[in-house]
Amino acid sequence: MYPIILDPPSPYQVNIPTIEQPTSLITAGENFIAYDETLPPEEQSYLLPDLRQLMQECVPTHNTYKSSEVQRTIASEAVKRLDERAKALIRKIRYKLNYDYMETPEAVEEWGFQVKQGTGKILLPKTRSDRLALLDTYIAKEESRPPAERLATPDLAAVTQVRDDLKANLDACRSNRSRRKVSYSARTETLKALYDTLRLAGGLIILKKFNRKLTPG
């Protein structure tokens, strides 16, 4: 840390938005530049070129971060909905197989289900990865059978679509999570630089224009 306090007795203080307030901090930078550019060149801030450059970096990195966060949220919500659909489909499949193979429940393991020994109860998968694995096995099994022998319900195409959409959105979640992490780091670095430069620019104004006195002016 390199604190600069020019006028300790002053009852006033300058509040600059922190990096935890990215939109406000970027707006502060835009406002500083917009006002400073109205001044004659000889009165403009020594750090104006630096601030212009930082704004060219801050805005894109902030927008990239926001975009990645939005896309991650969209994919995450889609995963939740599709996972619920997968659960419902799996329950329907179990119900149908349980009816068709009531006497030989172990046969349903060919479709990806696990059967509890002793009771013959067909178990439902407990995790999302287990549900995806079951759907993979179920789809492969059904595709290997003649169309006339496949389960009438649920529709195989519908099951395949849910499985494919669920996998695609899980991949999107992972990709956007990684993109969000990288963009967050880049945004933080540029915002820190903007914050520090604004502080120094303000300090120079107090030093050069107001004789080291902090006033409402």
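Contact here means heavy atoms within 4.5 Å, and with neighbours within four places in sequence left aside, Val159 is in contact with Leu89, Leu135, Tyr138, Ile139 and Pro154. The model is predicted, so that local features need pLDDT of at least 70 and side-chain atom pairs count only at pLDDT 80 or more, while totals for chains, interfaces and linings use all residues. Residues are numbered from 1 along each chain as its sequence is written, and side-chain values use heavy atoms, with hydrogens and water left out.

**Nonpolar cores**

- A nonpolar core is a set of buried Ala, Val, Leu, Ile, Met, Phe, Trp, Tyr and Cys residues joined through side-chain atoms within 4.5 Å, where buried means under 20% relative accessible area, exposed over 50% and partly exposed in between (1.4 Å probe, protein chains only).
- Within the largest such core, which has 25 residues, those touching the most other members are Ile93, Leu97, Val108, Phe113, Tyr138, Val159 and Leu166.
- Two or more residues of this core come from each of helix H2 (48–100), helix H3 (128–144) and helix H4 (156–209), helices being DSSP runs (H or I, at least four residues) numbered from the N terminus.
- H2 supplies the largest share of this core, eight residues.
- Another core, of 14 residues, lies apart from it and includes Phe32, Ile33, Met55 and Leu194.

**Helix H1**

- Buried positions in H1 are Pro22, Leu25, Ile26, Gly29, Phe32, Ile33 and Asp36.
- Because these buried residues fall within an arc of 120° when seen down the axis of H1, they line one face of the helix, the arc being that of the directions from the helix axis to the C-beta atoms.
- The buried residues of H1 pack against H2 and H4.

**Gln53**

- Gln53, placed in helix H2, is partly exposed, with a relative accessible area of 42%.
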